[in-house]
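Dear colleague,

Please find below the structure that I promised to hand over, together with its sequence. My notes on what was found in it follow.

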Amino acid sequence: MNKIFVDACFGKETPYTPVWMMRQAGRYLPEYMEVRAQAGDFLNLCHDPKKACEVSLQPVDIVGVDAAILFSDILVIPDEMGMDLSFVKGEGPKFSDPVRDEADLDRLIGGEAAASKLTYVYDTIKLIKEQLAEDKALIGFTGAPWTLATYMIEGEGTKTYNICKKMMYSNPELLHKILAKVTEVVKLYMEKQIQAGIDVVQIFDSWAAAIEPSKYDEFSWKYMVEIADYLKGKYPHIPIIMFPKGVPAFLDKVYGNFDVFGVDWSTPMAFAKDKLGDKYVLQGNMEPCRLYSKESTTECVEALQEIMGGKRHIFNLGHGILPDVPVENAKHFINECHRVSGK
Ligand code: CP3
């Protein structure tokens with residue numbers, strides 16, 4: 001059966017414009033919190049295919065999105081490259097052994113050896129596919145090499161990125177070696193996600209905006225394009241969504257063999273359409289905090305429909321949903337996207 005979501009990613013005409021939400025499985029859902037509490041540690045949840053499958057499917061049933069996103073985290077990649085990841089309550093992800101020099105890089109597991117350790121992700125995908133309705137798509141994902149490298153180098157989330165930026169300007173060769181090693185793992189990881197059954201790939205470059213525009217291609221985009229080229233060469237039927245957050249100054253320079261450009265909430269949709277709408281399908285881009293008000297949600301969904309005209313568009317938030325959004329308001333967003341586009 002044709003999946004409307006996959007057709008929309010390829011820019012085909014669809015009966016209505018599909019919608020999903022970034023971080024759609026998560027803390028705003030009481031049903032997620034229940035499974036999360038049973039799992040204990042967040043990483044346990046990622047490592048448990050049955051539970052990860054259950055929380056991946058929840059938003060499809062509860063809020064009515066057109067595609068499920070695999071439940072996992074981008075940081076399982078460096079974890080399986082041999083780094084020591086933990087999630088500290090209230091502080092977010094931490095690596096006790098950040099990568100700061102060649103010796104640190106050399107001890108990381110690369111390529112096939114790392115990608116083949118992520119079996120719990122592939123098992124989760126297989127379980128989801130058994131249970132997901134035929135007409136719904138499953139989105140698999142990875143972090144962009146740059147976004148992954150920021151955590152690997154800093155050892156945690158950062159506001160200043162000073163350690164990786166010091167490397168960018170004073171030892172760019174080392175940063176490129178780190179990015180290249182991560183890129184090799186990501187290519188194989190996404191290939192294995194495709195072989196396990198995902199219908200769509202999304203590459204999250206959440207910390208794209210940390211790089212000055214003239215350096216963005218060199219340190220991030222070209223690696224994302226390398227991943228897309230590798231996957232498109234072998235799996236042209238799998239659409240690829242690129243989501244670099246907060247790079248309006250780069251829109252004139254966007255290139256590459258992928259299908260959908262994810263527009264973040266700080267970039268006006270009309271501006272993105274003008275720059276990229278002929279080349280790529282656009283995804284997005286409601287400011288997630290509009291979800292706190294049903295009126296503000298409706299206003300934005302109607303404006304997006306007006307701008308995009310129901311063509312070459314996938315509705316989404318312009319970044320992740322926040323944990324204290326009422327479920328009812330998340331449902332309202334999905335319903336409004338369907339209503340204005342004629343479902
Ligand atoms: O979107 C989805 O529903 C799929 C699941 C998903 C998670 N993380 C689950 C998660 C996805 C796609 C991610 C990707 C991810 N992880 C990104 C890129 C996406 C983006 O929004 O920009 C990033 C930067 C990370 C790294 C990470 N993981 C951070 C910064 C945090 C928050 C830490 C905190 O405690 O606030 C996480 C943890 C995380 N990943 C949670 C979830 C649901 C919350 C953990 C919990 O339930 O306690």
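**Backbone, pocket and ligand**

Arg23 is found in the loop between helix 1 (4–9) and helix 2, where helices (H or I, at least four residues) and strands (E, at least two) are DSSP runs numbered from the N terminus. This is a predicted model, in which local features need pLDDT of at least 70 and side-chain atom pairs count only at pLDDT 80 or more, while totals for chains, interfaces and linings use all residues. Residues are numbered from 1 along each chain as its sequence is written, and side-chain values use heavy atoms, with hydrogens and water left out.

Two backbone features deserve a look in the model. Phi of Arg23 is near 55 degrees, a positive value in a residue other than glycine, and the peptide bond from Gly284 to Asn285 is cis, with omega near -10 degrees. Asn285 belongs to strand 8 (residues 281–286). For context, most residues other than glycine have a negative phi, and most peptide bonds are trans.

The largest pocket has a volume of about 1500 Å³. A pocket here is an open set of points on a 1 Å grid over the protein atoms alone, where a 1.4 Å probe fits, with protein on both sides within 12 Å along at least five of seven lines, and lining residues have an atom within 4 Å of a point; the volume is the space filled by probe spheres set on the points, which are joined across faces, edges and corners. Of the 48 lining residues, the closest to the centre of the pocket are Arg23, Arg27, Phe42, Asp73 and Phe87. By class, the lining has 26 nonpolar, 13 polar and 9 charged residues (Ala, Val, Leu, Ile, Met, Phe, Trp, Tyr, Cys and Pro count as nonpolar, Asp, Glu, Lys and Arg as charged, and the others, Gly among them, as polar).

The ligand sits in this largest pocket, in the sense that more than half of its atoms lie within 2 Å of the pocket's grid points. Around the ligand are 23 residues, of which the closest are Tyr32, Arg36, Asp73, Ser206 and His319 (a residue counts if one of its heavy atoms lies within 4 Å). Among the polar contacts (pairs of N or O atoms within 3.5 Å), a polar side-chain atom of Ser206 lies 2.4 Å from an oxygen atom of the ligand, and an N or O atom in the side chain of Asp73 is 2.7 Å from a nitrogen atom of the ligand.

With best wishes

Conventions. Polar contact = N/O pair within 3.5 Å; in protein donor to acceptor, adjacent residues only side chain to side chain.
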